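Trainee: I am new to this model. Please take me through one part of it closely.

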There are 2 protein chains.
Amino acid sequence: MTELKKTPTIQDVARFANVSTATVSRTLSSPDRVSEGTRARVSEAIRVTGYTLNQTARSLRQRTAKTILVALPDIRNPFFSSILDAIEREATNRGYGVLVANLFLAHEPARRLQEYMLSNRADGLLLLDGSLDVATLRTLSTAPYSVPLVVACEEIPNSGFHMVLTDNMQAAERATRHLIDLGHRRVGHLLGPEHNVVTRERLAGFTKALRDADLPLRQDWMFRGNFEMESGFAAAAHFMALAERPTAIFAANDESAIGFLSGLRQHGIECPRDISMVGFDDLGVAPHYSPPLTTMRQPREMLGRMAAETLIDLLDELDHRPGQLRIVLNSDLIVRASTGHPRKEEAPAA
Amino acid sequence: MTELKKTPTIQDVARFANVSTATVSRTLSSPDRVSEGTRARVSEAIRVTGYTLNQTARSLRQRTAKTILVALPDIRNPFFSSILDAIEREATNRGYGVLVANLFLAHEPARRLQEYMLSNRADGLLLLDGSLDVATLRTLSTAPYSVPLVVACEEIPNSGFHMVLTDNMQAAERATRHLIDLGHRRVGHLLGPEHNVVTRERLAGFTKALRDADLPLRQDWMFRGNFEMESGFAAAAHFMALAERPTAIFAANDESAIGFLSGLRQHGIECPRDISMVGFDDLGVAPHYSPPLTTMRQPREMLGRMAAETLIDLLDELDHRPGQLRIVLNSDLIVRASTGHPRKEEAPAA
DNA sequence: GAAACTCCTGAAATCGATTGCACAACCAGT
DNA sequence: ACTGGTTGTGCAATCGATTTCAGGAGTTTC
């Protein structure tokens, strides 16, 4: 009868190398604390037995899971998935695993995160969603729980949490000003989802640009949306119903911009001939859309990487700066063919 | 001096409720084995102390992490991220966490997965990448390790692993036949990345459709690609350089199809006027592209959900079917405006 | 009234690592 | 020769749960 082999433990290695488990453990985690000869024997024993460390046991003893939890509003959105890509890359380099919690349509998302964190499966929380219940999050992040927490992409104002962000308001202002500089005087906005920080910030930037240029802010030129293509498509119908239409639109993101243009095209309105459009995010499809989309490019990879860095520095206690960290990155205007001068007959009288 | 509170353990609950830890544990995992009175006392104690279970300790004892590892070739690709979305949803419902490993540009991906699995951080592996080293994977999946493994999306032929797939060859054949049925006689193919199973399967379907229709399979009409937009864009240059051009293209996926059309448009070639194009995947942008893209829709959500179901059934030992499981789903042809009849002057003589 | 069962509960072992403490061996300085 | 310091190692406690085993109390059966 052959022996039923289980995966080897540190005990097996110790027995084989004729040392104690303590020595094996030290050989692994601080090799310079064991003598050269012992080190060689242990290494050989590890090789022969095929030992691999049981991370669960280590986690229990050291009270660290070497894992971070990333919470996203919608992983299907390429904007978030490319940030997740950067996060995963950085985490892997630093020896951390990545657990994902997709909050799209989730029931009581903040509670779910709380349970996750309190069950000791992750050491820190990386939050890409600004719409969660702040009270629950604050409970988590303060004593006695003191869960390390970094918020990225979507600001949670007055929360005191560490944040890695882009300046949405400034970027939105820049995008809108681009349209104004092209000569547009009738400029509309395709909004993001209601009750969303990013929506508010981009709207604020839009508003400021219009005000600075003494242009009217018309309610009927503010189109409801929710960052998804279908919402842009639906908004196009409202556009068509207008007696007086804007000649340019700043959309809260690329996806809804694309949906909007797609909707307009069905009614014979062509971009940039009849309307200019600027989006936000610079998705992969933006340069290949028809027309190629003018948009604000957020440094997504950088954002994901810095968010992960910030959190892991906290976990590894490499960062001792007191108080709230706040990293703000800038977005760039990428001019493509979806924006142009307004048509002559629609240009304002000089 | 206030007491420094640590997170409460099962010991604290036991002390408070005046029972043993065994009883607390039983109250949590099999309440019917505990008397009503005790159960009430324990529940109250849990409430008062604010106890939450330490999953790491449970994992160590039960030798299950209640976590699955999902390995993807490229999480930024919306095709994979929407499958991941479905997987995460199903896993969460079944009480499992999801660790992600993004293999894009990873060094020795199979080894990395092996280390991950052998460190006991995950109970099972869900593989969305068909290009990994089969030997390493087989070592993992067989005794003594016996890691439960399900392969989805990309077949690993002759591996014996459980699989959840769509029939790529049949779908590719269907897509190509659609072009032929429209009257095209000069049909090209934009390939996926080399050495990729999916690329081979879709090519096989394409080839079969042409052969069945007695149409020529021309090497100069096979365009190199790698599923990414830029590769399609680059391929367009090769198209332009041809003396004799196809009137229709079947692209291995939507992204490369979009890049290709974008490249052609730069040279004044318009779809569907000058060329018909059918893609694969039905990405979110497909219906909103200009022109809306004809494509094969894969049941992504279903695929992700079934893959997760299959793996978790294995883990929870709900599935005792012997041998290799193999679930094959069908894709649907979605006809949109990117395909049409060839122009008269290019149609073949009757 | 004893045997056989069921129900509940607690003591203690266990999962697989890490780590505080003790100690032996060796070396250097006085 | 004695003190003090360094180095390398092992023993045993520990992390926080689960689970086996045993036993007391109560109930049924003959």
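Which residues are closest to DNA strand D, and how many surround DNA strand D?

Mentor: First, the ground rules. This is a predicted model, where local features need pLDDT of at least 70, side-chain atom pairs count only at pLDDT 80 or more, and totals for chains, interfaces and linings use all residues. Residues are numbered from 1 along each chain as its sequence is written, chains are lettered from A and ligands numbered from 1 in the order in which they are written, and side-chain values use heavy atoms, with hydrogens and water left out.

Now DNA strand D. It is surrounded by 26 residues. The closest are A:Thr38, A:Arg63, B:Ile10, B:Ser25 and B:Arg61. A residue is near a strand if one of its heavy atoms lies within 4 Å of it. Of the atoms of DNA strand D that come within 4 Å of the protein, 66% belong to sugar and phosphate.

Bases are reached too. A:Arg26 has a polar side-chain atom 2.8 Å from a base nitrogen of DNA strand D.

Which helices take part? In chain A they include H2 (21–29) and H4 (55–62), and in chain B H2 (21–29) and H4 (55–62). Each supplies at least two residues of the surface near DNA strand D. Helices here are DSSP runs (H or I, at least four residues), strands are E runs of at least two, and both are numbered from the N terminus.

By class, that surface has nine nonpolar, eleven polar and six charged residues. Ala, Val, Leu, Ile, Met, Phe, Trp, Tyr, Cys and Pro count as nonpolar. Asp, Glu, Lys and Arg count as charged, and the others, Gly among them, as polar.

Turn to DNA strand C. Of the 26 residues around it, A:Ile10, A:Ser25, A:Arg61, B:Thr38 and B:Arg63 come nearest. Sugar or phosphate holds 63% of the atoms of DNA strand C within 4 Å of the protein, and bases hold the rest. A polar side-chain atom of A:Ser25 lies 2.4 Å from one. For a polar side-chain atom of B:Thr23, the distance is 2.6 Å. A backbone N or O atom of B:Ser20 lies 3.0 Å from a phosphate oxygen. H2 and H4 of chain A, with H2 and H4 of chain B, each supply at least two residues of the surface near DNA strand C. Its classes are nine nonpolar, eleven polar and six charged residues.

Next, look inside the protein. The largest nonpolar core has 104 residues. Such a core is a set of buried Ala, Val, Leu, Ile, Met, Phe, Trp, Tyr and Cys residues joined through side-chain atoms within 4.5 Å. Buried means under 20% relative accessible area, exposed over 50%, partly exposed in between (1.4 Å probe, protein chains only). A:Ile68, A:Phe260, B:Ile68 and B:Phe260 touch the most other members. Apart from this core lies another, of 44 residues, among them A:Leu149, A:Val151, B:Leu132 and B:Ile156.

Last, A:Leu132. This residue sits in the loop between strand S3 (124–127) and helix H7 (134–141) of chain A. A:Leu132 is buried, with a relative accessible area of 6%.

Definitions and conventions
Polar contact = N/O pair within 3.5 Å; in protein donor to acceptor, adjacent residues only side chain to side chain.
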